[in-house]
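I am opening a notebook page on this structure, and I want to look up its fold, its surface and its charged pairs in turn.

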Amino acid sequence: MLPEVSELRPWLGQWLPSPIETIEPITSDASVRRYLRVFCQHSTFILMLAPPDEVAAQRFIKLAQALAALGLRVPRVVAYHPTHGAMLLDDFGDEHLLRADYAVNPAALAQSFTNYQQALQLLPQIRALEYITPDDPLP
C-alpha cells in the first residue's frame, strides 16, 4: 500500500530547498507506482511512490548513478525513504519528445524530430553500460 502524501511532508521538508507550496499528481498509468510533482518557491521535484522494495530501489539508484557517470542526463535521486517506498527526484519538466501540437504547428514537428535524433544518439552510450555495479550485471 502506498503512503499518503501527508505522511511524507515532514520527510520531504528535510530535502527541499524551500517550503512546499503544493503537490499535484502527474498522469497515472497502469503501474503500481504513483508520481507527483512537488512545487517549491523556485523549483519543482518529482515524488515517486512505490511499494517498499529495498532491492529494486537500490538498483534504480545505482543505475541512475551509473548512467550519470557516463555523462547522460538522468534525474538525480535527491532522497529515498525505504519504509514508505518514496523517492524524491529532480524534475526534468513535462515536455514530451513528440509534441502534441505537431498537427497544427510544423515547427513543433521539426523540434520533435530533433528530439528523437538526439535521443537515438545516446543509445550507444547507454549500451556501453555493462553493469550497475561489478557484481550486478545488466541483462
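Before counting anything, I note that a residue is taken as buried when its relative accessible area is under 20%, as exposed when that area is over 50%, and as partly exposed in between. With that cut-off, I find that 31% of the 139 residues of the protein count as buried. I keep in mind throughout that this is a predicted model.

Entry on the fold. I looked up the secondary structure and found three helices and seven strands, which follow the pattern α-β-β-β-α-β-β-α-β-β when I read along the sequence. I then checked the contacts with a separation of 6 or more, and of these 46% are accounted for by residues 24 or more positions apart.

I followed up Ile126, which has its place in helix H3, residues 106-127, and which counts as partly exposed because its relative accessibility is 40%.

Entry on charged pairs. Side chains of opposite charge can pair when their charged atoms come close, and I looked up where this happens here: the structure holds three salt bridges.

In one of them, Arg37 pairs with Asp91, with 2.5 Å between the closest N and O atoms. This pair links distant parts of the chain, since Arg37 sits in strand E2 (residues 34-39) and Asp91 in the loop between strand E5 (86-90) and H3, 54 residues apart. I checked the accessibility of both partners: Arg37 is buried at 13%, and Asp91 also counts as buried, at 16%.

Arg37 forms a salt bridge with Asp94 as well, at 3.9 Å from N to O. Asp94 lies in the loop between E5 and H3 while Arg37 is in strand E2, so this pair ties together parts 57 residues apart in sequence. Asp94 itself counts as exposed, at 57% relative accessibility.

Asp90 and Arg76 meet in a salt bridge at 3.1 Å, N to O. I place Asp90 in strand E5 and Arg76 in the loop between helix H2 (54-69) and strand E4 (77-81), 14 residues apart. Asp90 counts as buried at 19%, whereas Arg76 is partly exposed at 47%. Through shared partners, salt bridges join Arg37, Asp91 and Asp94 into one network.

Entry on rings. I searched for aromatic pairs and found zero, but I did find Arg73 over the face of Phe92, at 3.9 Å from the ring centre.

Key
Residues numbered from 1 in each chain as written. Predicted model: local features only at pLDDT ≥ 70, side-chain atom pairs only at ≥ 80, totals over all residues. Heavy atoms only, no water. Phe/Tyr/Trp six-rings, centres within 6.5 Å; stacked < 30°, edge-to-face > 60°. Lys NZ or Arg CZ within 6 Å of the ring centre and 35° of its normal. Helix = DSSP H or I, 4+ residues; strand = E, 2+ residues; numbered from the N terminus. Buried < 20%, exposed > 50% of the residue type's maximum accessible area, 1.4 Å probe, protein only. Contact = heavy atoms within 4.5 Å. Salt bridge = Lys/Arg side-chain N within 4 Å of Asp/Glu carboxyl O.
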